[in-house]
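Q: Hi! Could you walk me through this one while I have it open?

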Amino acid sequence: MTPLMRRLLPDVTEVTEVRGELSAPPLFPEEEAVVARSVGERRREFATGRRCARLSLAALGLPAQPLRSGPHGEPLWPEGVVGALSHCAGYRVAAVARATDLAALGIDAETAGPLPDGVLEAVSLPEERAHLARLRASQPHLPWDRLLFSAKESVYKAWFPLARTMLGFDMARLSFTVVPDAGSSGVRGTFSARLLRPLPPAFADAVGGPVLDGWWLVDEGLVLTAIAPPVRRTTAGPGDKTSADRAGPGPSHPAGPRTSHRPAVTLSGPLPASTTHRPTGTPFNPVPAGTSHRPAVPAPSPLPADTTHRPTGTLPTHSRPARPFGPRSLLPAHSRPTPPTDPPAPLPTHSRREPPTGPRSPLPARPRPRSSPASAAGAAGRHRSDGETAMPQLNATGPDSPSEAVLAARLALSATATGGEAMSDVEFFEWLDARRPRHRQEVRRTTFAELSGWHFAPETGDLEHRSGRFFSVRGLQVRSDFGPVPEWSQPIIRQPEIGILGLAVREINGVLHCLMQAKAEPGNVNGVQLSPTVQATKSNYTRVHGGSAVPYLECFREPWARGHRVLADVLQSEQGSWFFCKRNRNMVVEVGPEVEAGEDFCWLTLRQLHALLRYENLVNMDSRTVLSCLPDWQHGPGPSPALHSDVAIRNWITTQQSEREVCAELVPLREIETEGWHVGEDRIAHERGLYFSIVPVDVSSDRREVASWSQPLLEPHGTGVVAMLVRRIDGVPHCLVHARVEPGYLDVIELGPTVQCTPENYAHLPASDRPRFLGLVEQARPEQILFDTVLSEEGGRFLDAQSRYLIVEADGDGPDDIPDDYQWMTLRQLGELLKYSHYVNVQARTLVVALRSVPAITAHLPGAREALTVPAAATAVAHGRATAGTTDEGAGRADHR
């Protein structure tokens, strides 16, 4: 019987395939350890695959040896060998070749039936589905969806050993062609895979470009695919054969029926222990004279007219963060959002675009363009004086797509899993206790005259660093047409440079973990807190201070070039009452197993981080804001019920921006000394002792980029109260948000919590001028309080700044008489706004993370049940016998990992 996989591979490969299982083939001890806890069927499947691999290696002249598994379950082939395994119901196959002949090898076998409902949408691009629809019209008897899935598996198996990084289903665009194959059974053809992501150097050097060509076969109830690019040769001497010559008619050759000079192995049923391996098969026909070694694949069926062909190394603008190939996380139909019909137009790398205005995105259309912060600062620091609105846009994640639902499933698993953590809860606190004494930091108050590297500028009186970098303290004059105090002056921190707040995530034991850092900041109440992986200003990471490099920075400055996946990337503001137009880049990047936790870092799941939020002053502000920018995993596909439609929310936001008049003007610091502020020897403070002070400190630390430095810090007077009122409307939790004006916002308003204030600052005002709903929060009964924790604000600029964060469930139908600048919104609507810059303020972002951690809230979210059951559904799909096998570890699928 002619081996089926042999018909798809070049002469230089050795192929062994099995129908059924071999009778208990022996394993090496290293292999036994992999399946020590596996059931009998899994053991036989694993052992048969290893037996096939050894027979193929023997045909290359290599001795019997253990075939170990790598960290992703991938087989670790002997030095100088490329290979691949695959298996499905009733069929096992192994193929190997010498690395001097083939650059890579990828094969896959599937049963020839349709994919489970919903899987095609999760593994394909819109243009691929249109392409398959045209093929299905002419060849309706072929399982085109299964072919696409199998071909993408083969692409990944060829990709991973060279690239050593993940490749998502939406990172390769495939097309298929049927090739007449007279005299052979089944239907055979070619496929072409264009990679839609930057190529790692090792892969580009070995393969040469972003296109991989392969062959496919549907026969005897199986779907088989294979890719075997030959080694590239730059020169060949007279009479020398290139690797393509030795490889014979590679998979990109639309040749006739395949025969081989090298026999292949086909096994059927059990082999007696004494059976001598005698390969059988039919020889290949040599390449016809004059045939190119790698002719182009026959032109595939054309892609839709609106398909954008992108240059090498760019990402498709419609793609979402991807995941590895393989059905471990495939979603049933009910758990996926509907993909967009057409991809949006391509964007330049540094462009901004208007947010989508369709029903799935509650973002307002922008009224008019406005100048950048830099140009605004250049014009005497004036902005927003005429009530103009033009919120800068950054589309952080793009439109919904199947891979967004896949990511949501993985995040849901991380937020709920109680097993598989890299570090147990007890081990975390032991680790943290060990870190604290090593991060001892001395913060000593000093005077401005003794503040090393800082001075008051002679012309303006502004407090600034002599390098001109880091930040400065300037004066601000504010005028508005509303509020209890329509005009005032104050000091404010001006920090125009954009820092990076980066969170690395990685899958460990099948669960996403976040790489957290134990970091001491001079303003922290308790010294060490949990910060994101990277928390650095531009002055820090460009090493203006001459200190050491920032760990893991490369994961965020060039993530795609390093093979990482960007899950979120959006500019967000910080405290608008204390910073002037301050922004940081909030990033979440999925990294590979090569990124390990350093001494001051640890891997924690979302469940663990949510639990740690309830500990006072433990998870710092920068961690909270980055976590809020993660895609929301707790809602099912499609719109969910809400009191106000997304269109109505957009209209409300635009109205608030348009009708508020605020003029915030930077002025010399010395000009505000006549407005109730005075500059003393050791502080800049208000004459009433309210609001905040600016104080100078000296800092020494053993674990920072520099050992000692001086800086001013903003010291708030009093503990803030930050609270969100929630109520169920038609069974769906809603949050009462406030369209809040702060003088330092880049635009007029941002959405804040229901209450955000420092009560002491209102003691001198009439009771009618106290913050609305503050009394309701202060008088809440214990059973109404769903979250209540004191958390620190940013410790790099603020000294002992703390706020009491609360989530309070309102009585009955909630408070009456809601003012125009307040609105009920669902958590989904807030999550949509968080994909964009400067819509949700930093305090509200902390409460979004807290809301996602409160069972009383999440249990009532539309689609929450579906979202939380996705991992189980995905695992069920992955273990379906008709769909896939398992990894070497016995988890879902991917014999290539």
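Q: Which residues are exposed on the other side of H15?
A: Asn 651 and Glu 659 are exposed there. Do keep in mind that this is a predicted model.

Q: Okay, and which residues of H15 are buried?
A: Asp 646, Ile 649, Arg 650, Trp 652, Ile 653, Gln 656 and Gln 657. They sit on the same side of H15, because they cover an arc of only 160 degrees around the axis.

Q: Switching topic: how many residues does the largest nonpolar core have?
A: That core has 78 residues, and Phe 428, Leu 751 and Ile 807 have the most contacts inside it. Helix H18 (residues 842-853) gives the most to this core, with six residues.

Q: And what does Phe 428 touch?
A: Leaving aside residues up to four places away in sequence, Phe 428 touches Met 423, Leu 530, Cys 602, Leu 604, Leu 612 and Leu 618.

Q: Now the sheet with E4 in it. In what order do the five strands come?
A: The order is E4-E8-E7-E6-E5, in an open sheet with antiparallel pairing. Strand E4 (106-111) and strand E5 (172-179) each have a single partner strand, so one side of each is left without a neighbour in the sheet.

Q: Which helix packs on the sheet?
A: Helix H5 (residues 144-163) does, touching E4, E5, E6 (187-195), E7 and E8. The direction of H5 makes about 150 degrees with that of E4.

Terms used
Residues are numbered from 1 along each chain as its sequence is written. This is a predicted model: local features need pLDDT of at least 70, side-chain atom pairs count only at pLDDT 80 or more; totals for chains, interfaces and linings use all residues. Side-chain values use heavy atoms; hydrogens and water are left out. Buried means under 20% relative accessible area, exposed over 50%, partly exposed in between (1.4 Å probe, protein chains only). Helices (H or I, at least four residues) and strands (E, at least two) are DSSP runs, numbered from the N terminus. The arc is that of the directions from the helix axis to the C-beta atoms. A nonpolar core is a set of buried Ala, Val, Leu, Ile, Met, Phe, Trp, Tyr and Cys residues joined through side-chain atoms within 4.5 Å. Contact means heavy atoms within 4.5 Å. Two strands pair if DSSP finds at least two bridges between them. Axes are lines fitted to C-alpha atoms, for helices over the stretch in contact, and angles run from 0 to 180 degrees between N-to-C directions.
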